[in-house]
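Welcome, and please take a look at the structure below. A short tour of a few of its features follows.

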Amino acid sequence: MKKTFLGLTAAASLLAGVSMAAAEPVKVGMITTLSGGGASLGIDVRDGFQLALKQSGNTDVELIIEDDARKPDLAVQLSDKLIQSDKVDVMTGIIWSNLAMAVIPGAVAQDKIYLSPNAGPSQLAGAGCNANYFNVAWQNDNLHEAMGAYATSADFKKSFILAPNYPAGKDALTGFKRFFKGEVVKEVYTQLGQTDYAAEIAEIRASGADNVFFFLPGGMGIAFMKQYAGAGVDVPLLGPAFSFDQAILQAVGDAALGVKNTSQWSKDIDNETNKAFVESFQAEYGRLPSLYASQGFDTANLLLSAMETASISDKDAFRAALKAANFKSTRGDFKFGNNNHPIQDIYVREVIKEGDVYTNKLVGVALEDHADAYAADCKM
């Protein structure tokens, strides 16, 4: 367990997008993945969140960080500890949707505010929405919907689609199919954490597909991309940003060059907040930020913006301040829909190489001011 008090003085109010007015202290419990498979995702969320706190100079946030090791049972135990023993006011940090579904419903039912910097399962966007739950990233389907729209506009006709068999994987393929107007020749669900994709690659080779849409975050994406390149299959790959984040790209290398992917964030989005974030993250951590880092950064700045105008002890006012989203996002314009999920542009990116570093560049907009498909089922 790591407990930190973050409030270093910094002249970076532009990045934080908040003033330094006095605020009531807020205790934040962060459960995220810092070890085992997918640790790079949680590390980036944590680092982005901490960077925003450091730059704000705010001394009124107490952050308690816990490692869930991508284990749902452990995540539940940590949540119970944070709520019952540590008495946190706000929770955040979970990467994986199966862990989110294990933790978030219980947390918000106990009147804790949850700010999601990543996982956005459909169950929490529709009928299961809650006034205490805010997603600062996306609803799970969104980036996949954008790739379905792009694949249609790029005149692909036959798609082979695959994702892990867990809530985010099911949302991913549902989202892609919602916007892809061609034929899905095969839909495959792999094991979560799977590292051998020989059978799936053989199916792709025999499928007659003219594209492969896959959602395999973290180490799963690294394993698949390497094996796919080694197999010499000549079918273009498409995917969401999760399959082409900074950690995956450095591990995969040239095999990823030219692949299109969709994201609500990119390091070359042209606004001052994003430019300063990318520069300061590199200076602080010695690496390019990923979308996960940008989401952690935005989540912290959303929290700080609410603290500037409302007291955590007045939950109604604090929720209203969060809903207003009065902060400067790395994405530019940011607003919540009725279900406390973002309405935002989603971009198409292409994998490139800058010097020795593999990264992404923006090549277009897939969906503008896009809301999720479940908001109509939310009664808030």
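## The disulfide

A disulfide here is a pair of cysteine sulfur atoms within 2.5 Å. By this rule the count comes to 1 disulfide. Cys129 and Cys378 form it, with their sulfur atoms 2.1 Å apart. The link of Cys129 and Cys378 is right-handed, with 90 degrees about the S-S bond. Cys129 sits in the loop between strand 5 (113-116) and strand 6 (133-135), and Cys378 in the segment after strand 14 (357-370), so the pair ties together parts that are 249 residues apart in sequence. Helices (H or I, at least four residues) and strands (E, at least two) are DSSP runs, numbered from the N terminus.

Are the two cysteines buried or exposed? Cys129 counts as buried at 14% relative accessibility, and Cys378 counts as buried at 6%. Buried means under 20% relative accessible area, exposed over 50%, and partly exposed in between (1.4 Å probe, protein chains only).

Strand 3 (residues 61-67) has 6 of its 7 residues buried, so it is largely enclosed by the rest of the structure. Lys27 has Glu62 in strand 3 as its bridge partner.

From strand 2 the chain crosses through helix 2 (residues 39-56) to strand 3, a right-handed β-α-β crossover: with the strands pointing away from the viewer, the path from the first strand over the helix to the second runs clockwise.

## About the model

This is a predicted model: local features need pLDDT of at least 70, side-chain atom pairs count only at pLDDT 80 or more, and totals for chains, interfaces and linings use all residues. Residues are numbered from 1 along each chain as its sequence is written, and side-chain values use heavy atoms, with hydrogens and water left out.

Technical notes
Pairing = 2+ DSSP bridges.
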